[in-house]
Amino acid sequence: MKYLQPFQVFPTIPESLSFLDVLSRNLWWSWQHDAKELFRRVDPKIWRDSGRNPIVFSTMVPKERLEELSIDGGFLAHQQRVKENFERAVLPKQTLSDSPIGTGGNIAYFSMEFGIHECLPLFAGGLGILAGDHLKAASDLKLPLTGVSLLYRQGYFRQFLSRDGMQQEDFPEIDLYTFPIERALDLSGKELFINISGPNGGIHTQVWKLMVGRASLFLLDTNLPDNPPEIREITANLYPANQHKRLAQEVVLGIGGMRALSAMGIFPSIIHMNEGHCTFAGIERLYQIISKFNVDLKTALEIAPRSTVFTTHTPVIAGHDVFPAEIVKPYIEPLKENLGADEKEILSWGQPAWKDSDGQFSMFVLGLRMAQHRNGVSMLHGAVARKMWSHVWPERPVEEIPITHITNGAHVPSWLSYEMSLLLDRYLGPGWNKHPWNSIIMNRIDSIYNEEFWRVHELNRSRLIRTCRELMVKQYEKRNAPKSMMGDIESVLDQDALTIVFARRFATYKRSHLVFMDPDRLESILTSKTHPVQMIFAGKAHPKDQEGKDLIKKVVQFAQKPNIRHRLIFLEDYDIDIARVLVQGADVWLNTPRRPFEACGTSGMKAAINGAINISILDGWWCEGFSEERGWRIGNGEEYFDHEYQDNVESQAFYNVLTDEVIPCFYDRKNGDSPQRWLNKMKESMKMAMKNFCSHVMVSNYNNLFYLPSAKRLQDLLSDNAAEAKTLAIQRERLRSLWRFIKLETPVRKQSGPFRAGASFDVTTEVYLGELKPEEVEIQLYFGRMKSVDSVTEGKAESMNVREHLGDGRYLYGCDIICNNSGRFGFTVRAIPKGDDWIKNTPEFLTWA
């Protein structure tokens, strides 16, 4: 049947309970324990059966129960308390002058996925969870941030396993009316639809709005009756394997997302592109700047990147989308007239300088070209990204590649257990979670009685074991397991045993197989009578990743051994709900990636927030988080070329850490007391995660390092009819036409050496600038420790001064080198433009002697 007209009927709610309806339509409740308890208090069983979805829940609660609650004084007092907190946190709107981003300022945060709560399957994994936590923290911090993404009717797949452990996938259609969303409206108050030109005609898109605390999240949807089937399928599910469909998704997200904001009267001061999927937003923003401020493309290219942030999460080249230029061209064709650019120029934005325009189009390179502020998501990942993308700046030393880092964080209120939250309220004081980075507040964790702290953790572990048993029963029931096996399944795991969790995406570089490389040794560890250990695995492999599926199969088959099945399990269909229970109840959080392929790894942060202790390879965030007082490391941060050898070495290192340090520490209990050394590590782990790796710190870093400077820069560039931006555009063209004539002679030093530490010597060089002036070009002395005959490490740049004008565009420059340290050093000179980082980091504006 076609053109069905849907309608939804909701229950009639007594007036005294009307706030429940308001609360259910803003996801603020999802990170407020008191709000969740309010829903649960209505009916705990129905709340659970509804998938903790307030919209579904409201349709399941009997009318009689609502009437009963409408006159329940205790419930109404609870509701009033939640309502007052909601109004304080969500309803007050900043006046324009109060906005930290400037008058009318707004940050548009684009991401292919957002993981906010399990009732909204709009995410696949860590990238989406991070985006959801970013949105929540921005709401808590009252930043004027707006999210933009797609509305997936099938979301990411649901996972189930065959009897032999092979992953199967199901893509159920979601019921849109179980989401707390509403249709977005344009400036005239009409439902908002966006059109985008594609290779086979127009892509008709509807825009939906979802409230996440104070932040709005806009979702674009192509599943409209007027669209042909292939267009409707564009937003069907996340990360399709078909490259034509995937490209169409990224065009809808980037170009369609910017057009949607414009149609609602939102002109973002900053756009933040979360990974390369959304970098078409940068192109559309150029057009909006051109049309709104009546400037040309060259001027817009000076404005837009200086107020754009681009974050990468993927330290593997193959993980970045690259499309054949031929399939990109149909989307570019309609943009040429708007931008005043030809096809070749637009394509060049997505290609390194040495790539031909008829080759490949990289979404990552497009992000680099559209943003001045570029970052990885941990200190190590920043270094990896600089090396990985150094070819975009072929003449620049790797350490100077303009990609920095801001380490990810986890949203504390979303992941901290209810019981632990109550304990911290009592010892840290009410409102502590609004300032989890405050060292004075966090250090009060040390004052919590160990027995009380341990009791709360045991309660969380007990809930984890109970949940695992329930999930395992459901898994085996679906496989029609015999009754004898079902009896075994109902008693898996031990309430008191050391519980290790490995939960993450099953990809080869995550190396779940490391645990199983010595199966006999692992079996002896798991089956110990005196010091029992148990392991819980969970995670999905990409539907097209056969190697990842084989890793899952290996875990499941090992877990089927009769003497192991009570000690090691695999949980199907890993999602936010399961993740929350795992991070709250685990004793140990295990991470075994192949360094340096883990960009960050925020699941370990979430576990640490709850007092779990990490055992991890020194990769991602753990390079910054590790110390012996708060966790364990596997290896010492080595990187190997021989992966088989690396796996053998690090698997043995894991077993050794487990048997020599972890297990003895957990079971070190005198006179039946709680494990004091373990508890000290738990507290240190919690303090470290709260202070350094919470999403409030992460978003504050983005705000201070990127958002605020970008907003100020945008105001400056647009003032006085964009006068500065126009001047910068003219200067760039001047540099582009004259830079190639710059010549630097070999630098000359007056003293030949060798030198003693503390001495200095003079260096001069003759420079030909041609028509350029010293006010336009900076000549730098570049020096560092010799690495090879033609490279240095720990490079530093020192500005050289004009000592003499030699005439005919020639100048003598000079400066002193001070020998601060002993060793073998090398130096040379180079020319870069004078100006801000955006002009200085232009790849073609760099000349060496």
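Start with Asp-577. Asp-577 is partly exposed, at 22% relative accessible area. The cut-offs: buried means under 20%, exposed means over 50%, and partly exposed lies in between, with a 1.4 Å probe and protein chains only. What I'm showing is a predicted model, where local features need pLDDT of at least 70 and side-chain atom pairs count only at pLDDT 80 or more, while totals for chains, interfaces and linings use all residues. Residues are numbered from 1 along each chain as its sequence is written, and side-chain values use heavy atoms, leaving out hydrogens and water.

Which residue pairs with Asp-577 in a salt bridge? Arg-580, with the closest N and O atoms 3.7 Å apart. By salt bridge I mean a side-chain nitrogen of Lys or Arg within 4 Å of a carboxyl oxygen of Asp or Glu. Both partners sit in helix H24, residues 576-585, 3 residues apart, about one turn of the helix. Helices (H or I, at least four residues) and strands (E, at least two) are DSSP runs, numbered from the N terminus. Arg-580 is buried, at 12% relative accessibility.

The structure holds 55 salt bridges. Take two that link separate elements. Arg-803 meets Asp-762, with N and O as close as 2.6 Å. Arg-803 is in strand E26 (801-807) and Asp-762 in strand E23 (760-768), so this pair ties together parts 41 residues apart in sequence. Arg-803 is partly exposed at 42%. Asp-762 is buried at 9%.

Next, Glu-778 and Lys-840, bridged at 3.7 Å, N to O. Glu-778 belongs to strand E24 (777-788) and Lys-840 to helix H30 (837-840), so the pair ties together parts 62 residues apart in sequence. Glu-778 is buried at 12%, and Lys-840 is partly exposed at 25%. There is also a network of salt bridges, linking Glu-302, Arg-306, Arg-713, Glu-724, Arg-732 and Asp-836.

Now the cores. A nonpolar core is a set of buried Ala, Val, Leu, Ile, Met, Phe, Trp, Tyr and Cys residues joined through side-chain atoms within 4.5 Å. The largest has 138 residues, and Leu-23, Phe-110, Phe-280, Leu-339, Trp-349 and Tyr-707 touch the most other members. Helix H29 (695-738) gives this core its largest share, 12 residues. A second, separate core has 107 residues, including Met-420, Leu-571, Ile-578 and Ala-653.

Backbone next. Where is the cis peptide bond? From Arg-595 to Pro-596, with omega near 10°. Pro-596 is in the loop between strand E18 (588-591) and helix H25 (603-609).

Positive phi turns up too. Glu-275 is not a glycine, yet its phi is about 80°. Glu-275 sits in the loop between strand E9 (270-274) and helix H10 (280-293). Buried or exposed? Buried, at 3%. Leu-493 also has a positive phi, near 70°. Its loop runs between helix H21 (483-489) and strand E15 (498-503), and Leu-493 is buried at 4%.

Last, Pro-144, in the loop between helix H7 (126-140) and strand E2 (145-150). Pro-144 is buried at 15%. Pro-144 and Leu-91 are 53 residues apart in sequence and 13 Å apart in space, C-alpha to C-alpha.
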